[in-house]
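User: I'd like to go through some labels and ask what stands behind each one. Can we take them one by one?

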Amino acid sequence: MDYKKLDAKDIEFLVSILDKDRVFIGDAINDDFSHDELGGISKMPEVLVEVLTTDEVSKIMKYAYENMIPVVARGSGTGLVGASVPIFGGIMINMSRMNKILEIDEENLTLTLEPGVLLMEISKYVEEFDLFYPPDPGEKSATIAGNISTNAGGMRAVKYGVTRDYIRGLEVVLPSGEILNVGGKVVKNSTGYSIKDLICGSEGTLGIVTKAILKLIPLPKKAVSLLVPFPNLDMAIGTVPKIVKSKSAPTAIEFMQREVIIAAEEFLGKKFPDNSSDAYLLLTFDGNSIEDIEKAYEKVANICLEEGALDVFITDTDERKEAVWSARGAFLEAVKATTTDMDECDVVVPRNKVAEFIKYTNELQKQFNIRIRSFGHAGDGNLHVYVLKDELSDSEWEKKIAEVFEAMYKKSRELEGLVSGEHGIGFAKKEYMLEQLGPVYVNLMKNIKFAFDPKNILNPGKVCQ
């Protein structure tokens, strides 16, 4: 695709609708805007603009569409697959200043907000109204539009579902500049194709979200966590299907291994409640009465002990909860701090195959003489596996990471898993997705992209392109 390189006339147009204080070129663009959280893929935009309104986004997209200029929308840049990297240059639209909470509707249990509102701000805001927004991805500084873009899941997905389950309505600017409203405050909707659900998870390739209406639920009054050490990961993961089958409905079921816990302790400078075992399950239960919660977690605690757990630690005080969950929340940064570079395999496999996949990654460590660290959501089979560069040269790293990733994605296919559980495809995982889904599926995706964006100017080169 031949895209137009920006010139003085294009910059002049952008300044005319935004003013010069919100248009950046050359050295005025911070290097952070060339990459996402992992940083393995890097490219600077030709111009960075900050927008405040849907109308501004619409005017920029209309101009870009008419002049064949590629555009990438960006929020906090916390992605891990290069989805917000402008690999063809062009215009990057920074959505972070569109960050207003517009309305909370307590009768319809909805929250209407702009795309740049941070996940951490949503939780804090709605709790003041005794309400709850369940999706809980690990990166709390991500924007809501970023979560929508990847259909983010997180630790509470096992009970409450993922981002798509909580999107009632969206305002979207299409590549042509047209403004489309999909969904709304209604609970049910069988009116035509669900465009809303196509936008959610499309990684900014179909349209730019400029407003969202979120579904809320009443805030659970109580929450208790269990930290359960096991002699090994096989025993820990093998217990998960039995927990799910018990109908005790944990809010979260996380798995973790000793080496990641130790990394988090060093990173945070504080102790985890226990680090003596090789493998752990971390479970949370919430509800409106402590009696109901106790009944649920006692049942699960007994299941764990019957399956060989070494102990069950109840974290029912704020201090204990903070010690456990602050460590869990720091796992990614803690692992990152122990190495020179890393990349992530974000597969999802059936719950009963989690241990087999993690055991396979341990074999790959020995085979390729490379460190691999993992943790993830045992309740829904979504694994976060990090391959660490350490002291490898760039050429050694590129060769080994390609071989290790190919082996891991092949294994995920054998186990009837999928390439990504919640971090998306972006640029980094395209080849693995294309290999797995096959030509019929991929051609359908390409045709959907073409229907939204026939000139392929919006976030080109990502997902299926």
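This is a predicted model: local features need pLDDT of at least 70, side-chain atom pairs count only at pLDDT 80 or more; totals for chains, interfaces and linings use all residues.

User: How do you know that domain 2 and domain 3 are in contact?

Analyst: Contact takes heavy atoms within 4.5 Å. Eight residues of domain 2 are in contact with twelve residues of domain 3.

User: Why is the link between D286 and K159 called a salt bridge?

Analyst: The cut-off is 4 Å between a Lys or Arg side-chain nitrogen and a carboxyl oxygen of Asp or Glu. For the side chains of D286 and K159 the N to O distance is 2.7 Å, so the pair qualifies. The count between domain 2 and domain 3 is one salt bridge, and two residue pairs are in polar contact.

User: Which helix gives the largest share of domain 2's side?

Analyst: That's helix α5 (residues 157-160), with four residues. By class, this side of domain 2 has five nonpolar, one polar and two charged residues.

User: What is the "buried" figure for domain 2 and domain 3?

Analyst: Buried area is accessible area lost on putting the parts together, summed over both. Here that comes to about 810 Å², 59% of it on carbon and sulfur atoms. On the domain 2 side, M155, V158 and K159 supply 70% of the area buried against domain 3, more than any other three residues.

Technical notes: Residues are numbered from 1 along each chain as its sequence is written. Side-chain values use heavy atoms; hydrogens and water are left out. Buried area is the accessible area (1.4 Å probe) that two parts lose on being put together, summed over both. A polar contact is a pair of N or O atoms within 3.5 Å; within protein, one must be able to donate a hydrogen and the other to accept it, and residues adjacent in sequence count only if both atoms are side-chain atoms. Helices (H or I, at least four residues) and strands (E, at least two) are DSSP runs, numbered from the N terminus. Ala, Val, Leu, Ile, Met, Phe, Trp, Tyr, Cys and Pro count as nonpolar, Asp, Glu, Lys and Arg as charged, and the others, Gly among them, as polar.
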